[in-house]
Amino acid sequence: MTEVGSARRRKEDARLITGRTQWTDNIQLPGMLYVAYLRSPMAHARIVRVDTGPARREPGVVAAFSGRDFAQEQGSLPCAWPVSEDVVIPDHPPMAVHEVRYVGEAVACVVATDRYKAADALAAIEIEYEELPAVLDMAEALTDTAPKVHEAGNRAFTWRFGNGDIDAAFRDAPVVVDRTYVQQRLIPSAMEPRAVVAATDGDAFTLYSATQIPHILRVMLALTTGIPEHRLRVIAPDVGGGFGSKLQVTAEEVLALLLARRLGRPVKWTESRSEGNMTVHHGRDQLQRISVAAERDGRLRGIKVDLLADMGAYLMLVTPGIPLLGAFMYNGIYKMDAYDFGCTGVFTTKMPTDAYRGAGRPEATYALERVMDELAAEVGLDPLELRRRNWIRHEEFPYTTIANLTYDSGNYEAATERATTLFGYDKLRAEQADRRERRDPVQLGIGVSTYTEMCGLAPSRVLGSLSYGAGGWEHASVRMLPTGKVEVVTGSSPHGQGHVTAWSQIVADALGVPFEDVSVMHGDTAVSPRGMDTYGSRSLAVGGVAVLQACDKVKEKARQVAAHLLEASPEDLEFAEGSFRVRGTGAGRSIQEIALAVFAAHDLPDGFEPALDADATFDPENFSYPHGTHLCAIEVDTETGQSRIRSYVAVDDVGKVVNPLIVEGQVHGGLAQGIAQALFEEAVYDADGNLLTTTMADYLMPTAADLPDFVTDRTETPATSNPLGVKGVGEAGTIASTPAVVNAIVDALRPHGVHDVRMPCTPERIWRTLAGVRGGAA
Amino acid sequence: MPRITVTVDGVTYEEEVEPRLLLVHLLRDRLGRTGTPIGCDTTNCGACTVMLDGRSAKSCSVLAVQADGCDVLTIEGLAADGRLHPLQTAFHEEHALQCGYCTPGMIMAALDLLKEDPDPSEEAVREGLEGNLCRCTGYCNIVRAVRRGAQAMSGREVSAS
């Protein structure tokens with residue numbers, strides 16, 4: 001193995017650094033029309049009347065429609081995760097017909113010859129609403145007198161899970177810490193706005209979309225629109241980031257197909273950022289009550305969790321499943337006797353929530369790692385010492401947790417040891433003590449986060465047991481061409497992760513071919529017919545393994561041919577550096593020679609089909625459990641509330657590493673998003689349900705100037721659940737970093753009597769929190 | 001409709017445009033120069049940054065008519081004679097892009113930054129790129145790439161990364 005593990009520069013970059021890209025919005029088709037949507041300005045209203053006639057008379061307008069015009073064919077946007085028996089999945093028309101339930105919901109559209117004319121004509125649509133009361137707060141939504149978002153009420157589902165005797169764990173517990181945390185609503189903010197192009201020849205349809213999930217989208221669109229699956233091709237061209245936000249079946253995708261069918265011309269829709277902030281599904285938005293029972297020495301007895309999860313106005317593709325992905329993670333890396341989890345999904349008149357980087361696990365890890373720091377303060381232990389007393393020791397793996405997951409491997413001691421060394425933990429603690437002693441107005445806080453997470457979604461049987469609508473396998477095809485070059489088709493669908501480079505490295509090692517001789521195809525259901533796409537840090541741990549397994553099959557086929565040509569027994573051949581050799585002799589054939597021989601088919605073993613290719617589908621037996629220790633040092637000015645990250649150390653264990661450059665990049669980006677939740681970002685609605693953070697001027701994504709340089713390192717404990725030994729890395733940084741940062745801020749302020757600061761911990765929030773505990777007017 | 005003359009990546013175009021047409025839409029929809037993407041509608045993200053007569057400009061906040069008589073350089077015109085610009089090479093070498101959507105704007109903004117400060121500190125790069133958002137990289141490698149590109153452009157020894 002020489003390629004796997006090396007910091008190969010990416011094959012993807014050549015196009016991206018020269019502008020030879022193919023974003024969906026770049027696509028121009030002959031006769032193409034542009035779509036613009038009229039969206040509800042009200043959080044909750046009945047649609048009394050819509051007249052699109054005046055819009056149709058505007059210049060350049062080809063057609064204009066309201067929801068009523070598509071009521072018979074638009075179906076309902078799908079929810080593929082009916083989590084419980086009691087789940088309520090309301091009808092969700094792509095364009096509202098009778099009622100709107102969040103600001104931004106589409107009510108009508110214009111189709112015109114250019115994007116400006118389409119946008120202009122929206123103003124000519126006449127629409128009359130009868131306003132209904134908005135309901136924004138989850139607790140209020142669950143009261144008997146609350147306005148109903150849907151006829152069936154505001155409770156979307158309840159879901160419980162537990163193990164061990166939780167009452168016994170809490171009965172007579174020497175220490176109980178009970179906290180409530182707010183997971184604020186976030187806007188995923190991929191840099192490429194959503195865009196979709198649909199075309200039809202009257203029978204077959206092609207849909208281009210900025211999506212993470214071309215394969216899932218094809219199935220769901222076929223089921224939603226009635227277009228037969230075999231007449232629908234979905235293409236994800238270059239996709240500019242996703243972070244979960246493009247793991248969706250959207251109204252605009254469904255309607256693009258219906259408009260193309262109705263008008264017989266290709267249509268394109270590209271959202272503006274302001275439109276996207278309102279209507280790309282949001283993330284997080286949970287209210288978390290977490291109680292922990294412990295011994296006086298800090299050893300955990302049990303944890304109880306009670307969640308309210310804001311669904312928004314509808315259940316979208318996996319909306320209700322997001323909190324469940326956290327349900328198995330509130331115990332983290334720790335041992336305990338009992339665990340109890342309950343969750344209520346709540347409808348409100350806001351944009352639906354759904355997957356956002358980490359999806360459930362960041363929320364769980366945040367509450368757990370925050371409460372561990374509170375417990376450490378309560379029992380008078382250093383936060384790292386408390387964790388040491390509770391974590392699973394490296395010799396205890398594989399370990400079945402109280403949440404019934406079996407962690408295959410890990411070494412929390414090693415990652416923590418490395419992190420504390422890089423961080424200079426003891427020295428920073430000494431500086432902190434000194435500043436506390438001096439009553440320095442600028443206090444130093446140290447935040448700890450020792451996390452694990454379940455990713456590499458997912459064993460199909462487990463998904464089935466959780467009522468998810470599909471499996472968790474991934475598919476790959478590997479084919480050797482006559483000239484010895486290799487084509488790989490992957491069902492995984494990248495949007496920045498570097499699959500082409502990483503898969504080339506895996507194939508180069510497995511088949512002994514040059515890295516440059518491998519090309520990787522993806523993201524087009526006509527090219528890559530089978531796949532489960534990209535999310536949940538699954539690409540390498542599931543899709544990469546499928547690639548390896550397909551290579552192994554190709555190699556075994558080649559071995560048969562080599563044996564035949566060399567007149568040897570297959571068992572007597574050894575394979576190294578791309579050649580089969582007969583043990584003990586110099587005679588050999590390169591795999592490229594075999595590829596040509598198979599193509600010629602002049603002299604093959606009896607019954608051998610002349611094709612040197614193979615398919616493989618990998619269904620993982622277990623999740624993947626990356627882990628690590630993150631340490632954050634923050635200076636907080638107690639007079640102004642201003643905070644500054646002084647250093648951030650992340651030591652992650654993602655098992656074997658295929659490309660350290662890509663892994664480091666994933667960690668960097670993950671850290672930025674987790675830190676963004678801690679310090680900067682929040683989707684804010686006003687009391688009437690208007691989104692206030694519709695632009696990037698209002699929704700504060702961090703810039704380069706807002707973030708520090710990160711110190712990253714790794715320990716390497718191979719996964720035992722897949723032959724590559726790899727674990728997922730895409731979400732780990734986001735999961736770990738949010739609690740590390742907030743723990744640091746609270747640690748800085750704890751001598752002032754502060755036990756929590758609500759996220760995002762802006763200077764104003766910090767200042768108000770301090771003013772509150774000082775009893776001053778805030 | 002106003003008639004404008006604009007040079008884009010070395011090619012001169014004469015176009016009749018609506019007065020309200022944005023430069024970025026002229027580039028993308030009319031001239032087919034789709035290498036410059038659009039990331040927002042409030043000039044915050046910087047994805048659409050181009051060089052307008054030698055200074056960086058967010059092409060979503062410039063009207064096409066304002067570019068009349070101007071020379072526009074986009075990411076597509078940056079490589080010369082088939083050779084990548086040192087900043088492009090540096091972005092590749094330092095893994096300073098993932099999805100790549102912000103990259104054209106980031107590189108053009110960095111080009112302008114380096115005109116003013118050919119040897120910027122880490123802090124100067126971070127401050128200088130404040131008008132360009134990236135959601136993938138956490139910026140560490142972008143900062144490294146800009147400093148590496150700066151070294152290459154000034155012919156100084158490139159330190160091992």
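Arg115(A) and Asp29(B) form a salt bridge in which the closest N and O atoms are 2.8 Å apart. It belongs to a predicted model, in which six salt bridges are found across the interface of chain A and chain B. Chain A is divided into three stretches of assignment, named domain 1, domain 2 and domain 3, while chain B is divided into domain 1 and domain 2.

**Interface of chain A and chain B**

- Contact between the chains involves 55 residues of chain A and 47 residues of chain B.
- About 4,400 Å² of area is buried between chain A and chain B, and carbon and sulfur atoms give 54% of that area.
- Ile17(A), Tyr116(A) and Met191(A) supply 18% of the area that chain A buries against chain B, which is more than any other three residues.
- Besides the six salt bridges, 26 residue pairs are in polar contact across the interface of chain A and chain B, both residues being at pLDDT 80 or more.
- On the side of chain A that touches chain B, two or more residues each come from α1 (13–16), α3 (115–121), α8 (273–279) and α18 (660–679) of chain A.
- Of these elements, α18(A) gives the largest share, with 10 residues.
- By class, that side of chain A has 24 nonpolar, 19 polar and 12 charged residues.

**Domains of chain B**

- Domain 1 of chain B covers residues 3–77, and domain 2 of chain B covers residues 86–153.
- The centres of these two domains of chain B, taken over C-alpha atoms, are separated by 21 Å.
- In domain 1 of chain B, 18 residues are in contact with 14 residues of domain 2 of chain B.
- The two domains of chain B bury about 1,300 Å² between them, with 57% of it on carbon and sulfur atoms.
- Two salt bridges are counted between domain 1 of chain B and domain 2 of chain B.
- A salt bridge in chain B pairs Asp112(B) with Arg55(B), with 3.0 Å between the closest N and O atoms.
- Nine residue pairs are in polar contact across the interface of domain 1 and domain 2 of chain B, both residues being at pLDDT 80 or more.
- Strands β3 (49–52) and β4 (55–58) of chain B each supply at least two residues of the side of domain 1 of chain B that touches domain 2 of chain B.
- That side of domain 1 of chain B is made up of eight nonpolar, eight polar and two charged residues.

**Domains of chain A**

- The domains of chain A are domain 1 (13–132 + 191–241 + 246–279), domain 2 (283–457 + 622–773) and domain 3 (473–618).
- Domain 2 and domain 3 of chain A have C-alpha centres that lie 40 Å apart.
- Contact between them involves 19 residues of domain 2 of chain A and 18 residues of domain 3 of chain A.
- About 1,300 Å² is buried between domain 2 and domain 3 of chain A, 67% of it on carbon and sulfur atoms.
- Within domain 2 of chain A, the residues that lose the most area to domain 3 of chain A are Leu457(A), Val658(A) and Leu724(A), together 39% of what that side buries.
- The salt bridge count between domain 2 and domain 3 of chain A is zero, whereas seven residue pairs are in polar contact there, both residues being at pLDDT 80 or more.
- The side of domain 2 of chain A that touches domain 3 of chain A has eight nonpolar, eight polar and three charged residues.

**Salt bridges over all chains**

- The count over all chains comes to 80 salt bridges.
- One salt bridge joins Arg39(A) to Glu275(A), the closest N and O atoms being 2.8 Å apart.
- Arg39(A) lies in strand β1 (residues 33–39) of chain A and Glu275(A) in helix α8 of chain A, so this pair ties together parts that are 236 residues apart in sequence.

**Backbone features of chain A**

- The peptide bond that joins Leu457(A) and Ala458(A) is cis, with omega about -10°.
- Ala458(A) is in the loop between β18 (442–452) and α14 (460–465) of chain A.
- A cis peptide bond also runs from Met759(A) to Pro760(A), with omega near -5°.
- Pro760(A) is in the loop between α19 (732–749) and α20 (763–774) of chain A.
- Asp172(A), a residue other than glycine, has a positive phi near 60°.
- The loop between α5 (166–170) and β8 (175–186) of chain A holds Asp172(A).

**Confidence in chain B**

- The average pLDDT of chain B is 95, and 96% of the residues score at least 70.
- Over residues 157–161 of chain B, pLDDT stays under 50, and the model has eight contacts beyond four places in sequence for them.

Methods: Residues are numbered from 1 along each chain as its sequence is written. Chains are lettered from A and ligands numbered from 1 in the order in which they are written. This is a predicted model: local features need pLDDT of at least 70, side-chain atom pairs count only at pLDDT 80 or more; totals for chains, interfaces and linings use all residues. Side-chain values use heavy atoms; hydrogens and water are left out. pLDDT is the predictor's confidence in each residue, from 0 to 100. Contact means heavy atoms within 4.5 Å. Buried area is the accessible area (1.4 Å probe) that two parts lose on being put together, summed over both. A salt bridge is a side-chain nitrogen of Lys or Arg within 4 Å of a carboxyl oxygen of Asp or Glu. A polar contact is a pair of N or O atoms within 3.5 Å; within protein, one must be able to donate a hydrogen and the other to accept it, and residues adjacent in sequence count only if both atoms are side-chain atoms. Helices (H or I, at least four residues) and strands (E, at least two) are DSSP runs, numbered from the N terminus. Ala, Val, Leu, Ile, Met, Phe, Trp, Tyr, Cys and Pro count as nonpolar, Asp, Glu, Lys and Arg as charged, and the others, Gly among them, as polar. Domain bounds come from an automatic or database domain assignment.
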